[in-house]
Amino acid sequence: MADSTLVKRCAVNRTKRQAMQESAMVDVYAQRAVMKASRYIKLRTSTGSPEDIAFYRNHNPLRRTFLTPHPSHEYTAEYLEGFGGPLDRAVAREEPVLQDKLWSGWLVWKYQSRFLLADSAKSTFQPWDPAATPAIEAMKRLARSTSFWDKLSTHFSEENYHETTVMDNVANVKSLVQLMEEEIFSVLRPVIDKLISDKDQNKQRGAAELLAGLLGGSKNWPTDAQDRLWAWFTPKLDQILGANVKTDTLTIWSSFLEYILSNRDPRRVQPLVDWLVKKGLSVDFNSESSFEPIKMTFFIRTMIESLGWRFAPWAPAFLKVYWSQIGCEHDEVTSYIAEALVSFCKISWRPTPSQPLAEVFVRECASRPPDDDIMGLEHGYHLDALLNLVAEFPEMRENRLPGALAPRSPYDRKLMTRLQELNASSMFQYIIPMLPELFKAAELQDHDALARRSQTLLTALCGVTPPLSKLPDLLDVIFVTIRKSPSWRIRSNTLPMLQILYFRQAPIISEEMVVRIQDVLSECLSDEVVEDRFVREASRITLPSRNTPKYASELRRLHAAVLGVTALIDAFPYSVPSWLPELIGDVLSRHTYDPIPISTTVRKCATKFKETHQDTWHEDSLKFDEEQMSALATLLAGSSYYA
């Protein structure tokens with residue numbers, strides 16, 4: 001009986017899930033039907049022939065396409081600066097100054113598609129195609145009803161798994177807004193106000209979808225109507241993108257910004273851009289709560305990604321602020337700052353043909369010397385600030401906090417931010433000055449994340465072909481590190497990097513540089529080895545009287561050296577290298593009667609040596625002279641080792 005009840009419940013649940021899935025599919029197709037219908041209406045109204053309709057050729061009456069006048073680098077700079085606003089509306093209605101989608105300009109100029117600003121009172125598209133009147137009236141009857149928007153907003157705000165705005169929902173609202181223009185605003189406004197006032201995640205997503213559709217669909221409204229819309233929306237920005245945003249709604253409002261700013265001239269949404277810039281530049285990065293700086297850096301990142309190189313007018317101001325905060329105490333904030341610094345570098349990157357025209361670029365690629373940087377990879381944006389920071393690293397490294405607090409040191413925070421920013425494929429001019437610090441950071445024992453990131457970047461650096469002009473500089477830094485670094489570990493770990501660079505970049509390494517590599521390797525063969533260090537250290541230390549303050553520290557130093565010597569002996573349990581008898585007879589035997597724990601370590605080493613060499617002693621003993629055999633016997637304290 002119980003099994004039968006369970007089967008029935010499972011069947012009911014499965015039926016409910018199936019019904020919900022079918023209902024969701026019906027919703028999706030219903031919304032897309034509205035989107036398709038409105039698109040066809042717009043197409044039939046704006047096109048001039050059946051052929052245009054068949055090939056979906058949309059003719060926006062405000063679009064103007066023309067060849068770029070006087071293409072030059074000065075023109076490019078003026079073009080980018082123009083996006084900073086404000087827009088002269090009188091000029092924009094007469095001359096095409098708005099540009100939503102980028103067509104050319106970064107590498108070379110071809111042609112541009114620009115737009116006029118809409119009339120102050122006259123609709124851009126209305127009246128619609130007369131044949132579409134029945135469909136338009138049917139949609140208007142629904143869209144004029146408050147109950148329709150209440151039901152739709154309830155549907156948008158239902159609990160689901162979406163953490164961003166749903167594009168189908170946004171596009172559906174946008175389609176209706178385009179058809180009805182400002183007529184729809186009075187009905188939609190109270191619904192949006194209600195959702196905005198509720199901080200629930202799902203309600204906020206519903207509000208974001210309705211707002212995105214409303215603002216997106218109003219692009220070609222008469223400008224007087226747009227002004228009334230923005231006059232209502234702008235005062236709400238502090239609430240919508242300020243107080244209302246929580247951890248669970250951050251991605252929702254970020255996706256809202258991405259939709260509003262992508263493929264759109266920023267001057268069309270000037271109040272929103274002005275608000276983001278003002279808040280982004282004035283945020284307190286070191287406040288007790290990390291969420292506020294996280295939120296604003298997240299929003300600015302979205303703005304940068306959406307606008308691309310059109311963010312150029314604001315980049316210098318943000319660079320100045322973000323650079324001053326690379327040592328911020330909040331890790332997530334520094335990761336966003338690092339991403340922004342990379343974006344600023346990309347935004348500033350410009351190829352350098354004498355004139356930004358395709359034929360000029362192709363001709364100069366063929367005629368310029370091979371080491372000429374026509375792609376502008378070595379533009380060195382903000383390089384002076386980096387060099388100043390690198391000069392400060394040694395002092396900061398000396399003042400690192402001890403132990404577990406080390407990752408919170410200014411040295412660690414600033415270097416970590418820089419490493420998150422650097423990319424081995426395009427930033428050799430930034431990486432090479434930092435190489436000495438990268439080698440040191442890769443050996444840190446108290447900050448694993450920084451050590452791993454440093455090592456990862458060094459590894460990636462080996463696999464990327466550097467610009468020809470940078471290869472000598474790169475190898476020079478490696479040579480200096482191998483020759484002069486006081487750390488044998490750093491020198492040892494740098495050699496494999498040199499090896500990989502040599503074999504991977506052999507075709508572009510000059511004969512002169514090959515000779516220098518051979519010289520460095522030859523010097524390494526005569527480098528002071530670690531065995532000599534242990535022997536010298538053990539030989540030069542003399543224990544003072546037990547009553548002196550230095551006795552304990554000197555005892556530890558001597559014991560450390562003896563441990564190094566015994567480790568070398570233990571490393572050869574079944575053989576006797578030529579240098580080992582001297583190590584036992586002349587170095588280790590001197591410490592047979594030293595204070596504990598040194599004498600204990602020495603006797604344990606001798607006993608272990610006896611055990612591991614017992615079977616082959618008849619051969620191994622021939623490598624010891626008489627004095628060394630006597631010293632070994634003393635170490636073993638009268639055992640029958642020679643019997």
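**Note on the aromatic contacts**

1. I get 23 aromatic pairs here, taking Phe, Tyr and Trp rings (the six-membered one for Trp) with centres within 6.5 Å; planes under 30 degrees apart are stacked, over 60 edge-to-face and the rest tilted. The model is predicted, so local features need pLDDT of at least 70 and side-chain atom pairs count only at pLDDT 80 or more, while totals for chains, interfaces and linings use all residues. Numbering runs from 1 along each chain as its sequence is written, and side-chain values use heavy atoms, with hydrogens and water left out.

2. Have a look at tryptophan 106 and tryptophan 349: their ring centres are 5.1 Å apart with planes at 80 degrees, so this pair is edge-to-face. The two residues are 243 residues apart, with tryptophan 106 in the loop between helix 4 (89–92) and strand 2 (111–115), and tryptophan 349 in the loop between helix 16 (331–348) and helix 17 (358–367). Helices (H or I, at least four residues) and strands (E, at least two) are DSSP runs numbered from the N terminus.

3. Tryptophan 106 is partly exposed at 32% relative accessibility, and tryptophan 349 is partly exposed at 23%. Buried is under 20% relative accessible area, exposed over 50%, partly exposed in between (1.4 Å probe, protein chains only).

4. Phenylalanine 148 and tryptophan 149 are edge-to-face too, with centres 5.1 Å apart and planes at 75 degrees. Phenylalanine 148 is partly exposed at 23%, whereas tryptophan 149 is buried at 0%.

5. One aromatic cluster is made up of Phe285, Phe311, Trp314, Phe318, Tyr322 and Phe344.
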